[in-house]
Amino acid sequence: MEYYDFIENKINDEYNNNCIEYNEYLRQLRDLECFPIINRGQFWYDNLTMEQKQELKTWYINWLNVTVTKEIPTKPEWLK
């Protein structure tokens, strides 16, 4: 029984380490993809339509939740 516990713990440790690494990857991607757009300033925001502001807000919230959802948000078409 001890051997199987050891193997199970080893597998769990590897899984947790991979999750930590993937979460760090997602955070770095968020830093590169999301924050430069979100932090553009008031002048830029003032020139967006209400629809664009709503899309941007949804996209931003999805980026904030990326380490939970593990889904990389799709950038709104007008930002590409």
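**Surface, charge pairs and core of the predicted model**

Y25 counts as partly exposed, at 42% relative accessibility, where partly exposed lies between buried (under 20% relative accessible area) and exposed (over 50%), with a 1.4 Å probe and protein chains only. The structure is a predicted model, in which local features need pLDDT of at least 70, side-chain atom pairs count only at pLDDT 80 or more, and totals for chains, interfaces and linings use all residues. Residues are numbered from 1 along each chain as its sequence is written, and side-chain values use heavy atoms, with hydrogens and water left out.

Y25 is placed in helix α1; helices (H or I, at least four residues) are DSSP runs numbered from the N terminus. Together with Y22 and I72, Y25 forms a nonpolar patch on the surface, and the accessible area of the three is about 280 Å². Such a patch joins nonpolar side chains (Val, Leu, Ile, Met, Phe, Trp, Tyr) within 5 Å, taken from residues with over 30% relative accessible area and no salt bridge. Accessible areas come from the Shrake-Rupley method with a 1.4 Å probe, and for residues only the protein chains shown count as cover.

Side chains of opposite charge can pair when their charged atoms come close. Two salt bridges (a side-chain nitrogen of Lys or Arg within 4 Å of a carboxyl oxygen of Asp or Glu) are found in a search of the whole structure. One joins E33 to K75, with the closest N and O atoms 3.7 Å apart. This pair links distant parts of the chain, since E33 belongs to helix α1 (residues 2–33) and K75 to the segment after α5 (66–69), 42 residues apart. E33 is partly exposed, with a relative accessible area of 33%, and K75 is partly exposed at 23%. In the other, E77 meets K80 at 3.7 Å, N to O; both of these residues are exposed.

R30, also found in helix α1, is buried but has no salt bridge, and D31, the nearest side chain of opposite charge, is 4.9 Å away. Here Lys and Arg count as positive and Asp and Glu as negative, while His and the chain ends are not counted. Beyond its neighbours within four places in sequence, R30 is in contact (heavy atoms within 4.5 Å) with F35, W63, L64 and V66.

The largest nonpolar core has twelve residues, among them L26, W44, W63 and V66. A nonpolar core is a set of buried Ala, Val, Leu, Ile, Met, Phe, Trp, Tyr and Cys residues joined through side-chain atoms within 4.5 Å.

Terms used
Helix = DSSP H or I, 4+ residues; strand = E, 2+ residues; numbered from the N terminus. Patch = residues over 30% accessible without salt bridge, like charges linked within 9 Å, V, L, I, M, F, W, Y side chains within 5 Å.
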